[in-house]
Amino acid sequence: MAKVVVVVTGGIAAYKSAALVSLLVKQAWDVRVVMTAAAQQMVGPATFAALSAKPVVTDMFDPAFPLGPHIELARWADVVVIAPATANWLAKAAHGLADDLASLLYVAFPGPTLVAPAMNSEMWQHISVQRNVRQLQADGVHFVGPDNGWQACRTSGEGRMSEPPEILEQLQRLSATR
Ligand SMILES: Cc1cc2nc3c(=O)[nH]c(=O)nc-3n(C[C@H](O)[C@H](O)[C@H](O)COP(=O)(O)O)c2cc1C
């Protein structure tokens with residue numbers, strides 16, 4: 001059974017990540033979910049806990065993980081996916097910042113990381129976001145999307161998170177290379 005950590009950061013597309021977790025579980029993946037504080041403003045952890053049948057990890061000082069969840073989850077996982085990945089997460093990862101579990105896990109995990117960015121098209125096109133994406137690609141991070149289409153800000157453009165089946169397909173491809 002392939003093991004994946006789904007890291008949910010604080011974009012509106014967090015609601016689509018619930019469908020991703022459901023799809024993964026149906027395909028017999030073992031799933032742990034990490035959520036940032038902003039992600040928990042978008043969707044409640046109870047949704048992800050029920051779908052994954054495991055407690056959601058939100059705190060890097062969680063007493064359930066004596067070594068720290070970043071170490072224990074990094075050793076456990078075959079692959080990590082950040083979905084949705086905010087502009088903030090991309091910036092932190094591009095610079096190796098590690099001040100919360102979502103960014104710390106990226107630095108602690110030596111295996112394949114898949115990133116599904118999601119943001120308003122102006123944000124996606126911003127020079128700083130594009131610079132961070134180029135840096136992460138150069139660092140060997142895998143990207144899926146973003147797609148073009150209707151956005152929560154009520155305009156169409158590039159920045160929509162890829163649909164869960166597309167993210168699942170990329171995860172299957174990455175885990176097969178392990
Ligand atoms: C209603 C609302 C929706 C947001 N949607 C997005 C989004 O889709 N993408 C994004 O990059 N940031 C979005 N943000 C901003 C992030 O939540 C914010 O930058 C936050 O600090 C991200 O923290 P995190 O990366 O730790 O989850 C949104 C903020 C609000 C208030």
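I began with alanine 53, which takes a positive phi of about 60 degrees just after helix H3. Helices here are DSSP runs of H or I with at least four residues, strands are runs of E with at least two, and both are numbered from the N terminus.

I noted that this is a predicted model, in which local features need pLDDT of at least 70 and side-chain atom pairs count only at pLDDT 80 or more, whereas totals for chains, interfaces and linings use all residues. Residues are numbered from 1 along each chain as its sequence is written.

**Entry: helix H3**

I looked up which residues of H3 (residues 45–52) are buried, and found Phe48, Leu51 and Ser52. A residue counts as buried if 20 or more other C-beta atoms, placed from the backbone, lie within 10 Å of its own; it is exposed at 12 or fewer and partly exposed in between. The three cover an arc of only 85 degrees around the axis, which puts them on the same side of H3. The arc is that of the directions from the helix axis to the C-beta atoms. Strand S1 (3–8), helix H1 (14–26) and strand S2 (30–35) are among the elements covering the buried residues of H3.

**Entry: serine 17**

I then turned to serine 17, in helix H1. Serine 17 is buried because 31 other C-beta atoms lie within 10 Å. Its C-alpha atom is separated by 8.7 Å from that of phenylalanine 48, 31 residues apart along the chain. Not counting residues up to four places away in sequence, serine 17 touches Val6, Val8, Ala83 and Pro84; contact requires C-beta atoms, placed from the backbone, within 7 Å.

**Entry: helix H4 and histidine 70**

I located histidine 70 in helix H4 (residues 69–76). Histidine 70 is buried, since it has 23 other C-beta atoms within 10 Å. Leaving aside neighbours within four places in sequence, I listed its contacts as Met60, Leu101, Leu104, Leu105 and Ala108.

The buried residues of H4 are Pro69, His70, Leu73 and Ala74. Seen down the axis of H4, they fall within an arc of 120 degrees, so they line one face of the helix. They pack against S1, S2 and helix H6 (101–108).

**Entry: the nonpolar core**

I examined the largest nonpolar core, which has 55 residues. Such a core is a set of buried Ala, Val, Leu, Ile, Met, Phe, Trp, Tyr and Cys residues joined through C-beta atoms within 7 Å. Val4, Val6, Val7, Val81, Ala83, Leu105 and Ala116 touch the most other members. Strand S3 (residues 79–85) supplies the largest share of this core, 6 residues. For valine 81, with neighbours within four places in sequence left aside, I recorded contacts with Val4, Val6, Val7, Leu114, Ala116, Ile167 and Leu171.

**Entry: the ligand shell**

Which residues come nearest to the ligand? Of the 16 around it, I found Thr9, Gly10, Gly11, Thr36 and Thr86; a residue is near if its C-beta atom, placed from the backbone, lies within 6 Å. Helix H5 (residues 87–95) gives the most to this shell, with 3 residues.

**Entry: the whole protein**

I recorded 9 helices and 7 strands for the protein. Along its principal axes the C-alpha trace spans about 40 × 35 × 30 Å. Buried residues make up 46% of the 178 residues.

Technical notes: Contact = placed C-beta atoms within 7 Å.
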